[in-house]
Amino acid sequence: GRALGVTQLLPNEERYNVGEKRLHAQLAFMLGGRAAEKLIFNEYSAGAEDDLKRATQMSRRMIARWGMSDVIGPVAFRESDENPFLGKEYHDQREYSEETARTIDSEIQRFLGQADHRAMQMLQQHRDKLVALAEALLKVEALEQPEITAILGELASVQMHAVQTSGN
């Protein structure tokens, strides 16, 4: 379809709180398609734009709102939520310095770099399963959990479930 590829994690339970281990695993998951392109075709495509956007947003929240960066520390920085109306000028208003903004940006790059590295390592280690999944998708276009388990094996399915449910 027009999306070029979609991956959805269905929640096994309702969540109100998410731990940083689970968030880091989700970042690697989000960058998995991009890493697979690089591994198989030795180049990136524009298809990962939304994954990169969502991963960057999540990293920014982890660092600047939830205090999950040792470099930044236990501080919540926020940007103004004001909406422009009645002649107000539209621009982002930060409540922190340019130096802090650069540090946050650097941490976002570090988080995403680590996630990309983790995704690439996992795909290299399990390249045979990546190829098997791709071949199955070429045949049927969409796979459900039972089909994925049949291809990846029960252990991989259990590990995938652990990533989805860890970090409460």
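Reading along the sequence, you get the pattern α-α-α-α-α-α-α. That makes seven helices and zero strands, where helices (H or I, at least four residues) and strands (E, at least two) are DSSP runs numbered from the N terminus. The model is predicted, so to speak of local features takes a pLDDT of at least 70 and side-chain atom pairs count only at pLDDT 80 or more, while totals for chains, interfaces and linings use all residues. Residues are numbered from 1 along each chain as its sequence is written, and side-chain values use heavy atoms, with hydrogens and water left out.

Now the chain as a whole. It has 168 residues, and 30% of them count as buried; buried means under 20% relative accessible area, exposed over 50%, and partly exposed in between (1.4 Å probe, protein chains only). The accessible surface comes to about 12,100 Å², with 51% of that belonging to carbon and sulfur atoms; such areas come from the Shrake-Rupley method with a 1.4 Å probe, and for residues only the protein chains shown count as cover. Take contacts (heavy atoms within 4.5 Å) between residues at least 6 apart in sequence: 63% of these join residues at least 24 apart.

On to the packing. A nonpolar core here is a set of buried Ala, Val, Leu, Ile, Met, Phe, Trp, Tyr and Cys residues joined through side-chain atoms within 4.5 Å. The largest one has 20 residues, of which Leu-27, Met-62 and Ile-104 touch the most other members. Helix 1, helix 3 and helix 4 each supply at least two residues of this core, and helix 4 gives the most, with six. Apart from this core lies another, of seven residues, among them Ala-35, Ala-36, Met-120 and Leu-130. In soluble globular proteins, nonpolar side chains tend to be buried together.

Not counting residues up to four places away in sequence, Ile-104 touches Arg-60, Ile-63, Ala-64, Ile-72, Phe-77 and Tyr-96. Asp-116, also found in helix 4, counts as buried because its relative accessibility is 19%. Leaving aside neighbours within four places in sequence, Asp-116 is in contact with Leu-31, Arg-34, Ala-35 and Tyr-44.

Finally, the surface. Ile-40, Phe-41 and Val-131 make a nonpolar patch of about 270 Å². Val-131 sits in helix 5 and counts as partly exposed because its relative accessibility is 34%.

Notes
Patch = residues over 30% accessible without salt bridge, like charges linked within 9 Å, V, L, I, M, F, W, Y side chains within 5 Å. Salt bridge = Lys/Arg side-chain N within 4 Å of Asp/Glu carboxyl O.
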